[in-house]
Amino acid sequence: MTQSHHVSEELLMSYEAGSLAEGWSLAVATHLASCQACRARARQATAVGGALLDAIEMVPMRDDALSATLERIETLVPETPRPLSIPVMGNVPPPLRPYIGPDLDALAWRRMGPKAQQILIPTGDSETSVRLLRIPAGAPVPEHGHRGLELTVVLRGMLIDGDECFDVGDIEEGYDGLEHQPRAGEHEECICLAVTDAPLRFKNPLLRLMQPLLKI
Ligand SMILES: [Zn+2]
């Protein structure tokens with residue numbers, strides 16, 4: 001599958017450096033599992049980082065250090081991306097399986113708002129909240145704003161946010177101050193992985209009251 005919404009450079013570099021909290025890593029890894037283009041970018045970032053570190057160690061810096069580094073990068077980056085995803089049974093991307101198992105249809109959902117459902121996914125990091133959201137076909141999630149970062153990866157169906165459509169495997173990065181009301185595509189329910197690092201700001205006062213219960 002070819003994705004149209006990808007991981008930003010900053011996130012990808014941090015992911016490759018191993019400096020992301022578990023929740024963010026899980027979202028990036030879930031996107032990478034279905035996105036060959038980002039897997040190739042990730043390998044390139046690692047190669048460039050390694051080559052630059054090597055160059056820093058060349059003391060004193062030779063005149064040809066930069067061209068030597070670039071040459072090294074050429075040899076380090078494979079031209080054809082290696083296949084990374086291992087074909088296995090089930091409809092859950094491999095990085096998520098240790099958390100929720102292999103089958104999206106076997107999960108125990110809990111209500112969240114009038115139509116949406118959710119499942120909280122515990123992780124070892126205290127920085128992020130990780131959940132699956134399930135939105136019926138054509139339905140919106142409650143309108144809300146963000147105080148921090150939100151990463152959303154579509155696992156089933158389509159997520160529509162404003163005039164952008166996110167397909168299975170696509171990732172959406174939502175930043176501080178974003179106010180939106182994504183909705184599921186008309187033809188199929190939408191299930192997505194959503195990772196946040198700060199409570200959402202719901203417009204609906206009833207939902208605001210229920211936030212501690214919903215842990216969102
Ligand atoms: Zn991508």
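The largest cavity here has a volume of about 180 Å³, and this is a predicted model. A search of the whole structure turns up one cavity of 30 Å³ or more. Its lining takes in 19 residues, and L133, V141, H144, E150 and A194 are the ones nearest the centre. Sorted by class, that lining is made up of 12 nonpolar, four polar and three charged residues. Strands β3 (129-135), β5 (150-156) and β11 (190-196) each put at least two residues into it.

Now for the charges. There are four salt bridges in the structure.

| Salt bridge | N to O distance |
|---|---|
| R41 and E9 | 3.1 Å |
| E189 and R134 | 2.9 Å |
| E189 and R156 | 2.9 Å |

Take R41 and E9, whose salt bridge has its closest N and O atoms 3.1 Å apart. That pair connects distant parts of the chain, with R41 in helix α3 (residues 36-57) and E9 in helix α1 (residues 9-17), 32 residues apart. Both ends are partly exposed: R41 has a relative accessible area of 22%, and E9 has 45%.

E189 turns up in two of the table rows. With R134 it forms a salt bridge at 2.9 Å, and this links the loop between β10 (183-184) and β11, where E189 sits, to strand β3, where R134 sits, 55 residues apart. With R156 it makes another salt bridge, also listed at 2.9 Å. Because R156 is in strand β5 and E189 is in the loop between β10 and β11, this pair ties together parts that are 33 residues apart in sequence. Salt bridges with shared partners join D105, R134, R156 and E189 into one network.

R156 has 15%, so it counts as buried, the cut-off being under 20%.

On the outside, L206, L209 and M210 make up a nonpolar surface patch, with about 320 Å² of accessible area together. L206 belongs to helix α6 (residues 205-214). Its relative accessible area is 56%, so L206 is exposed.

V168 is partly exposed, because its relative accessibility is 30%.

Technical notes:
Residues are numbered from 1 along each chain as its sequence is written. This is a predicted model: local features need pLDDT of at least 70, side-chain atom pairs count only at pLDDT 80 or more; totals for chains, interfaces and linings use all residues. Side-chain values use heavy atoms; hydrogens and water are left out. Patches are made of residues with over 30% relative accessible area and no salt bridge: like charges are joined within 9 Å, nonpolar side chains (Val, Leu, Ile, Met, Phe, Trp, Tyr) within 5 Å. Accessible areas come from the Shrake-Rupley method with a 1.4 Å probe; for residues, only the protein chains shown count as cover. A salt bridge is a side-chain nitrogen of Lys or Arg within 4 Å of a carboxyl oxygen of Asp or Glu. Helices (H or I, at least four residues) and strands (E, at least two) are DSSP runs, numbered from the N terminus. Buried means under 20% relative accessible area, exposed over 50%, partly exposed in between (1.4 Å probe, protein chains only). On a 1 Å grid over the protein atoms alone, a cavity is a set of points where a 1.4 Å probe fits but cannot get out, and a pocket is an open set with protein on both sides within 12 Å along at least five of seven lines; lining residues have an atom within 4 Å of a point. Grid points are joined across faces, edges and corners, and a volume is the space filled by probe spheres set on the points. Ala, Val, Leu, Ile, Met, Phe, Trp, Tyr, Cys and Pro count as nonpolar, Asp, Glu, Lys and Arg as charged, and the others, Gly among them, as polar.
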